[in-house]
Amino acid sequence: MADPIAEEVAGACVDAGGSAIGMPQLCFDWWGNQIFWLVITLVVIYFVLSKIALPRIASVLAERQGTITNDIAAAEDLKQKAADAENAYDKALADARAEAQSIAQAARDDIRADLDKAIAKADEEIAAKTADSEKAIAEIRASAMENVEAVAKDTAEAIVTALGGTADSSAIEAAVASRVKG
């Protein structure tokens, strides 16, 4: 014997030849059953999401937001420390440059003092050598004058003798001495 409910369900949305017409979801005879299971499924999904999945997602998002906030705060702190370190570096660099300038100036002053001493010593040596040279030149000049007088006397005597005269040495010496003096 056939079950009348099964025959009624099997007979719904079936054409005269016994084949199903279209999509079963669109059969109005089955909509009540489909809506019932849709509501049950949605309620189950709602409870699963609201009690299990969404709290976990919310905690992950909150943890992520906390991590981001902490990282931003740490980055700001590190940025401030870097700025402080840069300022300290700039100050140390300026101090080092100033110290280097003072050291360089002291070295230049020492070199200038040593150079002034060396120049003064060289000036003294040059002055001493100049005095010695002038003395030597004066001696050479004096001896040259004596030699010139001797050569002039000898030459005058030779000229007088060559011209056939007798050379009087006192006359020749007087003539050479008057010419040498100017």
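1. Lys81 and Asp77 form a salt bridge in this predicted model, with 3.6 Å between the closest N and O atoms. A salt bridge here is a side-chain nitrogen of Lys or Arg within 4 Å of a carboxyl oxygen of Asp or Glu. Lys81 and Asp77 are four residues apart in helix H2, so about one helical turn separates them. Helices (H or I, at least four residues) are DSSP runs, numbered from the N terminus. Asp77 is partly exposed at 40% relative accessibility; buried means under 20% relative accessible area, exposed over 50%, and partly exposed in between (1.4 Å probe, protein chains only).

2. Asp95 pairs with Lys91 in a salt bridge whose closest N and O atoms are 3.2 Å apart. These two residues are also four apart in helix H2, about one helical turn. Lys91 is exposed, at 54% relative accessibility, while Asp95 is partly exposed at 42%. By the rule stated above, the count is two salt bridges.

3. Asp109, Asp110, Asp114 and Asp116 make up a surface patch of negative charge. Patch residues have over 30% relative accessible area and no salt bridge, with like charges joined within 9 Å; Asp and Glu count as negative, and the place of an Asp charge is taken as CG. Of this group, Asp110 lies in helix H2, which spans residues 31–162.

4. On the basis of the values: local features need pLDDT of at least 70, side-chain atom pairs count only at pLDDT 80 or more, and totals for chains, interfaces and linings use all residues. Residues are numbered from 1 along each chain as its sequence is written, and side-chain values use heavy atoms, without hydrogens or water.

Methods
Patches are made of residues with over 30% relative accessible area and no salt bridge: like charges are joined within 9 Å, nonpolar side chains (Val, Leu, Ile, Met, Phe, Trp, Tyr) within 5 Å. Accessible areas come from the Shrake-Rupley method with a 1.4 Å probe; for residues, only the protein chains shown count as cover.
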